[in-house]
Amino acid sequence: MPNMRMDKNPMPSQAPEVRITNVDEVTLGYTPEMAIDEAKRCLGCKHKPCMQGCPVNIHIPDFIARVAEGDFEGAYEIISLTSSLPAICGRVCPQETQCEERCVRGIKGEPVAIGRLERFVADYMREKGEAKLAAPERNGHKVAIVGAGPAGLTAAGDLAKLGYQVTVFEALHTPGGVLMYGIPEFRLPKSIVQHEIQKLRDLGVEIVTDYVVGRSGTIDELVDDGYEAIFVGSGAGLPNFMNMPGEELKGVYSANEFLTRFNLMKAYREDSDTPIQHPTKTIVVGGGNVAMDAARCAKRLGSEVHIVYRRSLEELPARKEEVEHAMEEGIIFDLLNNPVAVHSDENGSVKAVECIQMELGEPDDSGRRRPIAKEGSNFMMDADCMIMAIGTSPNPLIRHTTEGLETNRKGCLIVDDNEMTTRDGVFAGGDAVTGAATVISAMGAGKKAAAAMDQYIQKKVRTA
């Protein structure tokens, strides 16, 4: 009989007053007993609505049934049929708006904790020491992947399993993309990211770092080197600003720079080669997951932190769990406010941020109520640091150095239903196509593109 408990097993975690003093993972994971108990809440619905919300089509009821039986290895085998990065997905996917949103148990209570169970299974197998994957027999064809983020890594894994010789070209010195530079250690430990990437290397995937496509080499040169299809998963690393007075001052960061210094370059360490300001009062502009990450990182540097967001709490796009964790950690939410200028001290550093109060009007194209400035409501907020977390766009380098690649007005690559760009043989997916989105949506695009690349190459073989 299923466990008809109405709420999820709570996730053990560090106490807020402790975790703001370290960068260790906040959530501690389920024990085997908790995982089995939670798995027994699943009704095993025959029509499997949860799967319809999963971009990588994990066989959710099947793996949960194995967990309920205590067969954690069997559960991992099922997850691995479609997902290359389960330990990552279990931590950072917005399950509440995807698989768990479709869960029948959520109609009269809380849905099954699908993400927590996925994380548990992946962690259990990693700690147990899962068997090293054997590289499949090569099929004689080679493909290139641009970018070692979630989209690129997923495409690489799927193509390697099909026997392709896969080479990933990554601009940074460490593979992982946003998983390494964007998401903090306390939310996604970097050792776990690298463990997942090692599994791809075990499949025979070659990863070339410090290689900027468009500078170190071009798409055309990759084609000349014999790569029969290319996937562009270069992400959206170009930060957006508001073009307001004072954004050039010392102490104003894009969230990308701030998080890259903190996460990838370990700027919170005293001996860091890439130091960062340790502010006393930080204003983070934005309301998404990136804003929450930046705010929580600044808190761990000892700063008082305020999130300034132009809408209300109901419109915050960040995950509910991330907002709750930020509030628990003492981060202050100054809602229905928007910055209009940054003011400096005599040294050209941030001294204060001028804001204006907002009110909500009718819904806009996003379905959220449109923020409207209240004339004459300007006020000052003292601060010595401001972090802009209002979104990112794809870097234009690849499209500027590749003929035949078309983009939309936001600079995102245009693709067809098979993820192929307007350049034959060049595919793309993830944030390079959609703009900044989620890890799991990028993985879904990488998976779809890998299948399309395989069909593209095999069709050329048949017609040769």
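1. In what order do the five strands of the open sheet that contains E6 and E14 stand? The order is E6-E14-E7-E8-E9, with parallel pairing throughout, where two strands count as paired if DSSP finds at least two bridges between them, and where helices (H or I, at least four residues) and strands (E, at least two) are DSSP runs numbered from the N terminus. Strand E6 (252-254) and strand E9 (332-335) are the edge strands, each pairing on one side only, and the twist from one strand to the next averages 25°.

2. A remark on the basis of these values: the model is predicted, local features need pLDDT of at least 70, and side-chain atom pairs count only at pLDDT 80 or more, whereas totals for chains, interfaces and linings use all residues. Residues are numbered from 1 along each chain as its sequence is written, and side-chain values use heavy atoms, with hydrogens and water left out.

3. Within the sheet of point 1, strand E7 (residues 281-285) and strand E14 (residues 385-388) are joined in the parallel sense by four bridges, and Val 284 has Ile 387 as its bridge partner in E14. Helix H13 packs on this sheet, touching E7, strand E8 (304-309), E9 and E14, and its direction makes about 165° with that of E8; here contact means heavy atoms within 4.5 Å, while axes are lines fitted to C-alpha atoms, for helices over the stretch in contact, with angles running from 0 to 180 degrees between N-to-C directions. Helix H12 lies across E6 and E14, at about 85° to E6.

4. The axes of H12 (residues 255-264) and H13 (residues 289-300) come within 10 Å and cross at roughly 50°, which makes H12 oblique to H13 (angles under 35 degrees count as roughly parallel, over 145 as roughly antiparallel, 65 to 115 as roughly perpendicular and the rest as oblique). Residues that meet there include Phe 258 and Phe 262 from H12, and Ala 294 and Cys 297 from H13.

5. A second open sheet has five strands in the order E3-E2-E1-E4-E16, again with parallel pairing. Strand E3 (206-208) and strand E16 (426-428) each have a single partner strand, so one side of each is left without a neighbour in the sheet. Strand E1 (residues 142-146) is joined to strand E2 (residues 165-169) by five bridges, and Val 143 is partnered by Val 166 in E2. Helix H17 packs on the sheet, touching E1, strand E4 (230-232) and E16, with its direction at about 160° to that of E4.

6. Not counting residues up to four places away in sequence, Gly 429 touches Ala 151, Phe 231, Val 232, Gly 233, Glu 419 and Ala 445.
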